[in-house]
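Thanks, everyone. I will go through a few side-chain pairs and some surroundings, and leave time for discussion.

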Amino acid sequence: MMKSLRAVICSIILVSTSSLTAIAANNGPVEAGQRIALVDVAKVFKAHTRFNASLEQMKKDAEMFQTMMRTEQNKLAAEAELLKQSNPNDPDFKAKETEISKKLAELQVTQSQKGRDISEKEARLYFDTYVEVTQQIANYADRNGIGLVLRFNSAPIDAADRKSVIEGVNREIVFQVGRDITDQVIATINGTQIGSAPRINR
């Protein structure tokens, strides 16, 4: 369940650059020859230490829960198997059978509720992180006099991967020099230091 949600959200994060994020600087009107920068949002997410730590903790919690569920299910399965060896005409047989069925149903409800809870928390984590990332990009752009920031994909194209090739061919940003501020944004988010910002010409 977590994996399917993550795939959906990641597909949103990696959406084509046809949906461009424009961030206007707060220090004056937008000029016709405004400075433009590029950010690889997917790369920022991959390098975001707090985001990935939270995601890893969610994964561990989910795995612990699934282990607990399997233990309880195996326990009930063993009880059901033992019950098969009992006399169906025994007065306690029906009561025990009903009890096992009830516990199995309760486990299914608990598992379903937990799955929804995990999915909601994961979606919220992605949302909150995306808001943080866009805010940091806006702050960085404002500090450095950048009037427009566009999303792009800096990952190399894998010639042996058909999907990678198709995505690469469809990229709207096909060439750039000195406009990628991804590493600077990552450094700001992770609280690390990095060299000066790239020189961005108008």
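I start with K96, which forms a salt bridge with E99; the closest N and O atoms are 4.0 Å apart. A salt bridge here is a side-chain nitrogen of Lys or Arg within 4 Å of a carboxyl oxygen of Asp or Glu. Before going further, this is a predicted model: local features need pLDDT of at least 70, side-chain atom pairs count only at pLDDT 80 or more, and totals for chains, interfaces and linings use all residues. Residues are numbered from 1 along each chain as its sequence is written, and side-chain values use heavy atoms, with hydrogens and water left out.

Back to the pair. K96 and E99 both sit in helix 4, three residues apart, about one turn of the helix. Helices are DSSP runs of H or I with at least four residues, numbered from the N terminus. K96 counts as partly exposed because its relative accessibility is 30%, and E99 is partly exposed at 33%. Salt bridges that share partners join E79, K96, E99 and K103 into one network. For the exposure classes, buried means under 20% relative accessible area, exposed over 50%, and partly exposed in between, with a 1.4 Å probe and protein chains only.

Helix 4 also holds E97 and K94, again three residues apart, about one turn of the helix. These two form a salt bridge, with 3.7 Å between the closest N and O atoms. E97 is partly exposed, at a relative accessible area of 32%, while K94, at 56%, counts as exposed.

How many salt bridges are there by this rule? The count comes to 10. One of them is between the side chains of R50 and E132, at 2.6 Å, N to O. R50 lies in helix 3 and E132 in helix 4, residues 91–143, so this pair ties together parts that are 82 residues apart in sequence. R50 is partly exposed, with a relative accessible area of 43%.

E132 has another partner. The side chain of H48 makes a polar contact with the side chain of E132, at 2.9 Å. A polar contact is a pair of N or O atoms within 3.5 Å; within protein, one must be able to donate a hydrogen and the other to accept it, and residues adjacent in sequence count only if both atoms are side-chain atoms.

Is H48 buried or exposed? H48 counts as buried, because its relative accessibility is 2%. H48 lies in the loop between helix 2 (41–47) and helix 3 (49–84). Leaving aside neighbours within four places in sequence, H48 is in contact, meaning heavy atoms within 4.5 Å, with T129, E132, V133, I189 and N190.

T110 is partly exposed, at 33% relative accessibility. Setting aside neighbours within four places in sequence, T110 is in contact with F65 and M69. From T110 to M69 there are 41 residues in sequence and 9.0 Å in space, C-alpha to C-alpha.

Last, the loop between helix 5 (162–169) and helix 6 (182–190), where F175 is found. F175 is exposed, with a relative accessible area of 67%.

That is my set; questions are welcome.

Technical notes: Helices (H or I, at least four residues) and strands (E, at least two) are DSSP runs, numbered from the N terminus.
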